[in-house]
Amino acid sequence: MKIISSVAELRDHLRGQLRTAFVPTMGNLHEGHLSLMRLARKHGDPVVASIFVNRLQFGPNEDFDRYPRTFAADVEKLEKEGVYVLFAPTEKDIYPEPQEFRIQPPNDLGDILEGEFRPGFFTGVTTIVMKLFSCVQPRAAVFGKKDYQQLMIIRKMARQFALPTEIIAAETWRADDGLALSSRNGYLTDAERAEAPALFRELNSVATQLREGHLNVSLLEKTAMEHLSGRGWKPDYVAIRKRADLQPPTAGDLATGEPLVVLAAAKLGSTRLIDNLEV
C-alpha cells in the first residue's frame, strides 16, 4: 500500500484508473470501516482510502483536538485489507489557502436532526467530500448507513452536481450487543459502554411498535426520549422520518406504508452517540 499526502502525487499515481473505489475516513479505524473497504472492492478496483480529520465539520466546542488519531494502527489494518493507496493529507495539503468556497446543503435536509444540533456540520462534510472526490476522482464511493443523514446528503449532492461517482451505502456494523461501532465509542467509560446498547434497543422498540400499527409518531418519539432520559441519557432527538427525504411522515404516508427510518442522537456522559434503524 502506498501512502500519499500530496494532491498532485495522488493524481499522478491514479492517472488512467477508471474504476477506482474510494472510502473516505477520519481514521481510528474499526471493523465497521474495514467492512467498507471490502464492499468497495466489490464495486471497483483499485481501492483508495483516505484519513483526514476535517476541521471544517467540527463546531467550536466539539472534539477536534481530542478526536482519536491512531495512524500507525490504521495503516496496518488497511494493508491487511489490500488497500492500494492511502491518501493521508495534512491540513496544508487539503487547505493550502482558506477554504472560502463551501458546499451548502439545502436547509430542509441539512438543517434538521444532526444539522439542527451541529450547525454548519454538513457544510463541512459536503465541502471536504467534494474536495476529496476532486482529488481521487472515484467511480464509486462507500459511506456507512450509521451516518444516515450524511449518506443522504452526499448522495443528493452527487446527483445534483452530476458527479461521475456512484454512492454506495454500507449497512451499519454492530458489536454483539447491538451498539453501532463508532470511533467515539472509545470515549465511553466501562459503565457507559455497558449502558450504550440501550440506544439501539430503544430504536428497536420504536420500530416494532410502528410495524405493529402504533402510528402516533409524536407519542412514540416522546416516550423513547423519556425512556432514555430515565436511564441517565441526554437525548437530542428520537425522530421517525421518511427514508426518502427525512421529513416527518404524514397520516397519508403512514396509511400507505411509506418506508420509514428511526433516528436518534443522545449524550451518555460526555459522549454523543447517534444511531438509526430502518423500518
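**Note on a helix pair and a pocket**

1. Helix α7, which covers residues 121-136, packs with helix α8, residues 148-160, at an angle of about 50 degrees, and their axes lie 11 Å apart. The model is a predicted one. Two packed helices are described by the angle between their axes and the distance between the axes. Angles under 35 degrees count as roughly parallel and those from 65 to 115 as roughly perpendicular, and α7 and α8 are therefore oblique to each other.

2. The crossing in which α7 passes α8 is right-handed. On the α7 side, the contact is made by Phe121, Phe122, Val125, Thr126, Val129 and Met130, while α8 brings Gln149, Gln150, Ile153, Ile154 and Met157 to the contact. Sorted by class, the residues of this contact between α7 and α8 are 8 nonpolar and 3 polar, with no charged residues.

3. Which classes of residue make up the lining of the second largest pocket? The lining divides into 6 nonpolar residues, 1 polar residue and 8 charged residues, whereas the contact of α7 with α8 has no charged residues.

Technical notes: Residues numbered from 1 in each chain as written. Predicted model: local features only at pLDDT ≥ 70, side-chain atom pairs only at ≥ 80, totals over all residues. Heavy atoms only, no water. Axes fitted to C-alpha atoms, helices over the stretch in contact; angles between N-to-C directions. Helix = DSSP H or I, 4+ residues; strand = E, 2+ residues; numbered from the N terminus. Parallel < 35°, antiparallel > 145°, perpendicular 65-115°, else oblique. Left-handed = near helix turned anticlockwise from the far one by under 90°. Contact = heavy atoms within 4.5 Å. Nonpolar A, V, L, I, M, F, W, Y, C, P; charged D, E, K, R; others polar.
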